[in-house]
Amino acid sequence: MEDTLVPIVVVGILFIGLPWLIFHYVTQWKKNGGLTVEDERLLDDMHDMARRLDERLGTLERILDSQDPAWRPRQAAERSRDEDWRREN
């Protein structure tokens, strides 16, 4: 009895249970695939905030450029020359 029951259960799980589970979640993903109105609003708010922060950063860079033109971090080539000089000495 046990020899026939286990293969029937395994075949039932493989050919009925597993496809049902996969199709169930595929339909759920398709149903909930798009953005909700709240998600779109949040995304728009985050885009506006990022744009404002970018404008603020640009303003700060212009102010610092006018006050001290050498405020920016040194370029990679300048750093490598300084490191080479330190290694030699």
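A salt bridge here is a side-chain nitrogen of Lys or Arg within 4 Å of a carboxyl oxygen of Asp or Glu. By this rule the count comes to two salt bridges. Both get a stop below. Keep in mind that this is a predicted model.

**Stop 1: the whole chain**

From the N terminus on, the order is α-α-α. Now switch to a surface. How much of the chain is buried? Buried residues make up 1% of the 89 residues.

**Stop 2: colour by confidence**

Colour by pLDDT. The chain averages 83, and 81% of the residues score at least 70. Among the elements, α2 has the highest mean pLDDT, at 94. Helix α3, residues 76–88, has the lowest, at 59. Where pLDDT is low, the predicted coordinates should not be read in detail.

**Stop 3: helix α1**

Select residues 2–31, which form helix α1. Where is the kink in α1 centred? Zoom to I13, where the kink is about 35°.

**Stop 4**

The ring centres of Y25 and W29 are 6.4 Å apart and their planes lie at 35°, so the pair is tilted. The angle falls between the two cut-offs: planes under 30 degrees apart count as stacked, over 60 as edge-to-face. Y25 and W29 sit four residues apart in helix α1, so about one helical turn separates them. An α-helix has 3.6 residues a turn, so residues three or four places apart point the same way. W29 counts as exposed, at 61%.

**Stop 5**

Select residues 37–67, helix α2. Show R51 and E55. They form a salt bridge, with the closest N and O atoms 3.1 Å apart. Why are they separated by about one helical turn? Because E55 and R51 are four residues apart in α2. Side chains of opposite charge can pair when their charged atoms come close. E55 is partly exposed at 45% relative accessible area. R51 is partly exposed as well, at 40%.

**Stop 6: R72 and D65**

Last, select R72 and D65. Their side chains meet in a salt bridge, 3.1 Å from N to O. R72 counts as partly exposed, at 41% relative accessibility. D65 is partly exposed too, with a relative accessible area of 28%.

Notes. Residues are numbered from 1 along each chain as its sequence is written. This is a predicted model: local features need pLDDT of at least 70, side-chain atom pairs count only at pLDDT 80 or more; totals for chains, interfaces and linings use all residues. Side-chain values use heavy atoms; hydrogens and water are left out. Helices (H or I, at least four residues) and strands (E, at least two) are DSSP runs, numbered from the N terminus. The expected span of a helix is 1.5 Å times one less than its number of residues. The bend at a residue is the angle between axes fitted to the seven residues ending there and the seven starting there. Buried means under 20% relative accessible area, exposed over 50%, partly exposed in between (1.4 Å probe, protein chains only). Rings of Phe, Tyr and Trp (its six-membered ring) pair if their centres lie within 6.5 Å; planes under 30 degrees apart count as stacked, over 60 as edge-to-face and the rest as tilted. pLDDT is the predictor's confidence in each residue, from 0 to 100.
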